[in-house]
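Visitor: I would like to go through this model with you. Could you put it up?
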Amino acid sequence: MPEITYLDAIREALVEEMERDSQVFCIGEDIAAYGGAFKVTEGLASRFGEQRVIDTPISEIGIVGAAAGAAHMGMRPVVEMQFIDFIANAYDMLTNYVATARYRAMLPCPMVVRGPSGGYVRGGPFHSQNPEAGFIHTPGLKVVYPATAQDAKGLLKSAIRDDDCVLFFEHKYLYRRIKGVMPAGDHTVPIGKARIAREGTDLSIITYAATVWKAMEAADQLERDDGLSVEVVDLRSLSPLDDEAIQATTRKTSRVLVVHEDTRTGGIAGEITARINESCFAWLDAPVLRVTAHDVPLPYAPQLEDFVLPQTSDIVSAARSLAAY
Amino acid sequence: VARLQGEFAFSPEDLQAVDNRVRREVDDATDLAEQSPPPEPLDALVGIYASPATEQPLWFRSGKRAAVDQNERAEGWGAYQAGNGVPAVGRVAREND
């Protein structure tokens, strides 16, 4: 089986699910004729027709609202945000309507909202955001954010089949940089299950999305230069969180570093830290530390973006301080 | 353009003057940008709020060896000794065993 990119894995998941279930359809801006801003949906309109790959006006709240109505009627919409930054325009529909529909009115809302997320690509403040924390905080929404091509495909297929609304964050830095061989058959990845990306015994790095790869680089460096055995946990799902995996790695190493590309204040690292304190405090040999983006909008200039976002060297220096504690 | 000329009495010379002014303004701005040095990394932390005007770098970017160096910690709590700490785990720790 040949390797395919993270981006192609997402497209493959869409194709397979649209072939498997005629109720699955895609809707978003420029996804049909143009194939999407990053070409994720390229070829889908000619394959499935414009009734199932629908170009819309620029109105994120309208797109999500239309998708919610279709989901109530038994369809399985997959909404594309051209950039995930624009999901803010649909915040009301997602948090006040979609997230509460089942609870309020027993209205099922099986839909996926997906889009290119994250920085490290010199995209500036409107094309580089990581807005996941705002939605993790909302009961009724599930949130996933894969780091590998295999997980991108498997999680998207699971998200489409899920009976609730799943926000599927896909990292644009990984789109064409990360490749993987897809498992044979109907490959799905369960929502809510983390992955051990690297086994280790001295300290744990809990992370997700693009910073999984930075954590892996840091772990290699720490093993080479410091003799540290670092475990890297790729969360994959942010809501629900895999508490079992978080607790297991904490009990195993007793030193935990949480890393994410999102800004620090209100980021999920704080939630993970609190859960570790609640469940595993007696196992800790050091305070749980965070490496995150600074609390600023993401600037365009490369020097500034590099400063604001967490880098491999930051993870190395934080891990060394944990090891020294 | 037709509306500006028809309803607001803009002459071709007026429109050309606007074009020239905009072009000069953009050219001046791009010249200034090209002649200026790249921004310093700490410039990223300026201008988010009126007050404070500047955010502080996170601990791993501020020269601190550990988060605990800048946080309150009870005397004797934890094995870490800033500046001369022996790692509690890793190769050096194992060699000391």
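Visitor: Is Cys109(A) buried or exposed?
Guide: Cys109(A) is buried, at 4% relative accessibility, where buried means under 20% relative accessible area, exposed over 50% and partly exposed in between (1.4 Å probe, protein chains only). Please note that this is a predicted model, in which local features need pLDDT of at least 70, side-chain atom pairs count only at pLDDT 80 or more, and totals for chains, interfaces and linings use all residues. Side-chain values use heavy atoms, without hydrogens and water, residues are numbered from 1 along each chain as its sequence is written, and chains are lettered from A and ligands numbered from 1 in the order in which they are written.

Visitor: How many disulfides are there over all chains?
Guide: The count is 0, a disulfide being a pair of cysteine sulfur atoms within 2.5 Å. For Cys109(A), the nearest cysteine sulfur belongs to Cys165(A), 6.2 Å away.

Visitor: And what is the relative accessible area of Cys280(A)?
Guide: Cys280(A) has 0% and is buried.

Visitor: Changing topic, where is Gln150(A) found?
Guide: Gln150(A) belongs to helix α6 (residues 149-161) of chain A; helices (H or I, at least four residues) and strands (E, at least two) are DSSP runs, numbered from the N terminus. Gln150(A) is partly exposed, at 24% relative accessibility.

Visitor: Which residues does Gln150(A) touch?
Guide: Leaving aside residues up to four places away in sequence, its contacts (heavy atoms within 4.5 Å) include Gly180(A), Met182(A) and His187(A).
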